[in-house]
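Hi there,

Here is the structure I promised to pass on to you.

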Amino acid sequence: MSNYHIKHLEEYFKVYRKSVREPEVFWEEIAEEHFIWRKRWDNVLSWDFSKPEVKWFEGAKLNITENCIDRHLRTKGDKTAILFEPNDPNEEAQHISYNELSERVNRFANVLKSKGVQKGDRVCIYLPMIPELAVSVLACARIGAVHSVVFAGFSATALATRINDSDCKMVITSDGSYRGAKTIDLKSIVDEALEDCSGVNTVLVAKRINSDINMVDNRDEWLQPLLDAASDDCPVEVMDAEDPLFILYTSGSTGMPKGMVHSTAGYMVQTAYSFKNVFQYRNDDIYWCTADIGWITGHSYIVYGPLSNGATTVMFEGVPSYPDFGRFWEVVEKHKVTQFYTAPTAIRALAKENLEFVDKYDLSSLKVLGSVGEPINEEAWHWYNDNVGKKKSPIADTWWQTETGSIMIAPLPYVTPTIPTYASLPLPGIQPVLMDENGKEISGNQVDGRLCIKYPWPSMARTIWGNHQRYKETYFSAFEGKYFTGDGALRDAVGYYRITGRVDDVIIVSGHNLGTAPIEDAINEHPAVAESAIVGFPHDIKGNALYGYITLKETGEGRDHDNLRKEINQIITEHIGPIAKLDKIQFTHGLPKTRSGKIMRRILRKIACNETSSLGDTSTLLNPEVVQAIMDNAL
Ligand code: PRX
C-alpha cells in the first residue's frame with residue numbers, strides 16, 4: 001500500500017503509527033515509489049544526535065531538478081509549472097509550462113557553468129519574486145551549485161554578511177524590483193554590499209524595471225543575452241543524497257545569522273510528501289503560496305514541494321495592498337486558485353479592511369487554506385475561515401521552521417478536524433515531545449513545555465554553514481538527545497499541539513524571525529548609544545512589534561530624542577533591513593541586570609507588554625532601582 005497520499009483520519013493514524021514503529025521503512029517506501037534516482041541508497045538512515053550527525057538515503061544518487069522538471073516532461077510538458085502574477089495587475093500573467101521551465105533552467109544552468117560555477121560552489125541569489133528567481137534556484141541545483149537566496153528586502157550590510165559567510169563567488173540580481181507603487185533599486189544595494197565582498201567575481205543582472213543602472217566592468221553582466229546564447233540542454237550533475245542543496249540564513253541569538261544547510265535527497269522526499277498531504281494536492285489544482293522565495297516557505301512550498309509533485313505553483317510579485325486590499329482575492333478569482341497559503345500577519349492586515357474587498361471576488365475555487373510563520377490568533381483564524389474559506393475550506397495551520405525544511409505539525413485538510421489556533425497533529429514521520437525545564441519529557445495530555453523532536457526526519461538541516469559547533473549548541477544541547485525547536489507548545493486533551501511562541505531571544509515580527517542580538521549590535525553602533533535591549537510586545541497586525549530600551553552615553557545626553565529615534569531606526573535599516581525597525585524606543589538611565597551582568601529581559605518584556613503587576617522578584621537585581629524609573633517612563 002502506498003502511504004503517499006493520506007485521505008482519511010483512520011488512515012492517518014495507521015500511517016502515523018507505522019512511521020513511529022518503523023520510520024525507516026516508512027520513508028523508504030515513499031522514496032522508492034515517488035521519485036527517480038540515479039542510484040538507490042545503501043542505507044536509509046544513520047544518526048547520532050550527540051554529534052550531531054544525520055544521514056538519509058546514504059549512497060543514493062540523484063538530481064532534484066530531474067525530479068522537479070525532467071520527469072514531468074513526457075506527461076505534463078504543456079502543463080503550467082509556474083504561473084507568474086506580476087505586481088501590476090495590468091501586466092499580463094505568465095504561464096510557464098514544464099517544457100518552458102525546463103528550457104529556461106537548462107539555459108541558465110549553462111550560463112552558470114560558462115561563468116565557472118562548479119558543483120559545490122555557492123551562488124548568492126538576491127532577486128525579487130520574478131520567474132528568474134525560481135529558475136536560478138533550479139539552475140544551481142541542476143549543476144550541483146549550492147544556492148543561497150537572500151530575501152531582497154535585506155540591506156547591503158546584511159547581504160554582504162551572508163555572501164561572505166558562505167564564500168559565494170557569484171551574485172544573481174536584477175536592475176530593480178516593483179513593490180506595490182514603489183520601485184526598489186536592488187542593484188545599487190548589491191554594489192554597496194560587494195564593496196565588502198572580495199570573493200565575488202561575477203554579478204548576473206536580470207532586467208525587470210528597465211532602469212539605468214551602474215554596471216561594473218569585468219564583473220557585471222546582463223543575464224538575457226547570456227541566456228539567449230546558451231544551449232537549452234544541460235545534463236544534470238549527479239549528486240549524492242547528502243550533498244548540500246542550499247544554504248538559507250535565519251536569525252539567531254548572536255549577531256551572525258545562521259546559514260542552515262539543507263541536503264538533497266531527504267529535503268526532496270519530505271517537501272514533496274508534506275506538500276501532497278498538507279495541501280491535499282490533486283492534479284488540476286492551482287496552488288498559491290504568497291511567501292517570498294527568500295524564505296524557507298518559498299523554497300519548500302513555492303519551488304521544490306509543488307514542482308516535485310508536477311503541480312502548478314503561483315508566483316506573486318506584488319503585495320496584498322496594491323493596487324488595493326482586494327489584490328489577493330482578485331488573483332484567487334482570476335486564476336481559480338484552489339490552495340491558498342499565507343501568513344497570519346497578512347490575514348490580520350486584510351481583516352482590518354472593508355469586507356467588500358473580499359466579497360466582491362468569487363473565491364469558490366478555494367479548497368484548502370494554509371497559515372504559516374507564527375501562531376495564528378483566534379480572531380484572525382475565524383476571519384480567514386468565515387470570509388475567505390466561507391467555512392468550507394479547512395485551514396491548515398502549519399508549524400515548522402527554516403531548520404526543519406518541511407511542515408512538521410499541521411492538520412491534513414479534510415482528514416484531521418481543525419481547531420482554531422491549533423497546529424494539531426504531527427505529520428507521519430515526525431515525533432514531537434514536550435520537555436520541562438529540568439530536561440524531562442512531559443508525558444500525557446493537557447500539558448505544556450518546550451517543543452522538541454526526538455527522532456530525525458529527512459528534511460532536517462544538517463549543519464550551520466561553517467559552524468557545526470553552533471549547530472550542536474543551538475539545537476542539540478538544551479535537551480540531551482533531542483532537537484530543540486526554540487518554541488513553547490501545549491498538548492491538549494486529545495493530543496493536539498498548539499504552538500505558543502518562542503522561548504528564546506528570537507521575536508517573530510510580521511512572520512519574520514528576528515534575533516534580538518543582531519538588532520542590538522546594530523543599535524550599539526550609534527555613537528550616542530551605550531547599551532540597548534530589545535523585547536517584543538503584542539501588535540494587532542504584526543503579531544509582535546519591537547520595543548527598544550536604550551541607554552545613552554554621556555555624549556548623547558541632551559540630544560533630541562525624536563532625532564535619535566530616527567537615526568537608530570536608520571542604522572537598523574542599514575544593517576538588517578526595514579523589517580527590524582523598532583516601533584517604540586524608550587531612553588533609560590540603566591537596564592536591569594543580574595549580578596553577573598546579564599540584562600533581565602524578562603522584566604523589560606513585562607513592562608513592554610504592560611504586565612507590570614506580575615514583575616516577579618526584582619530584589620536579586622544588581623540595580624533594582626532602575627526598574628521603577630523604566631516603568632514610570634514606559635511608552
Ligand atoms: O516560532 C515558530 C514560528 O516560526 C518559527 C520559525 O520561523 P522561520 O524559521 O522563519 O520559518 C517560518 C516558516 C516555516 C517557529 O520556530 N512558527 C512557524 N509556523 C508557526 C509558528 N508558530 C506558530 N504556529 C505556526 N503555524
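Which loop does Arg208 lie in? Arg208 belongs to the loop between strand E11 (202–206) and strand E12 (220–222), strands being DSSP runs of at least two residues and helices (H or I) runs of at least four, both numbered from the N terminus.

Before going further, a word on the basis: this is a predicted model, where local features need pLDDT of at least 70 and side-chain atom pairs count only at pLDDT 80 or more, while totals for chains, interfaces and linings use all residues. Residues are numbered from 1 along each chain as its sequence is written, and side-chain values use heavy atoms, with hydrogens and water left out.

**Arg208**

Arg208 is buried, with a relative accessible area of 15% (buried means under 20%, with a 1.4 Å probe and protein chains only). Its side chain makes polar contacts with the side chains of two residues: Glu91 at 3.1 Å and Glu317 at 2.8 Å. A polar contact here is a pair of N or O atoms within 3.5 Å; within protein, one must be able to donate a hydrogen and the other to accept it, and residues adjacent in sequence count only if both atoms are side-chain atoms. Beyond four places in sequence, the residues in contact with Arg208 (heavy atoms within 4.5 Å) include Phe84, Ile130, Asp175 and Tyr178.

**The ligand**

Around the ligand there are 18 residues, counted when a heavy atom lies within 4 Å of it. The closest are Asp397, Thr398, Thr402, Asp487 and Arg502. A polar side-chain atom of Thr402 is 2.6 Å from a ligand oxygen atom, and a side-chain N or O atom of Asn513 is 3.1 Å from an oxygen atom of the ligand. The protein covers 96% of the 540 Å² of accessible area that the ligand has on its own (Shrake-Rupley method, 1.4 Å probe). Helix H11 (296–308), strand E20 (395–398) and strand E26 (497–502) each give two or more residues to the shell.

Why does the ligand lie between domain 2 (264–420) and domain 3 (430–504)? Both domains give residues to the shell around the ligand, so it lies between them; the domain bounds come from an automatic or database domain assignment.

**The other two domains**

That assignment also gives domain 1 (90–258) and domain 4 (510–632). Their centres, taken over C-alpha atoms, are 36 Å apart, and 12 residues of domain 1 are in contact with 12 residues of domain 4.

Best wishes

Definitions and conventions:
Buried means under 20% relative accessible area, exposed over 50%, partly exposed in between (1.4 Å probe, protein chains only).
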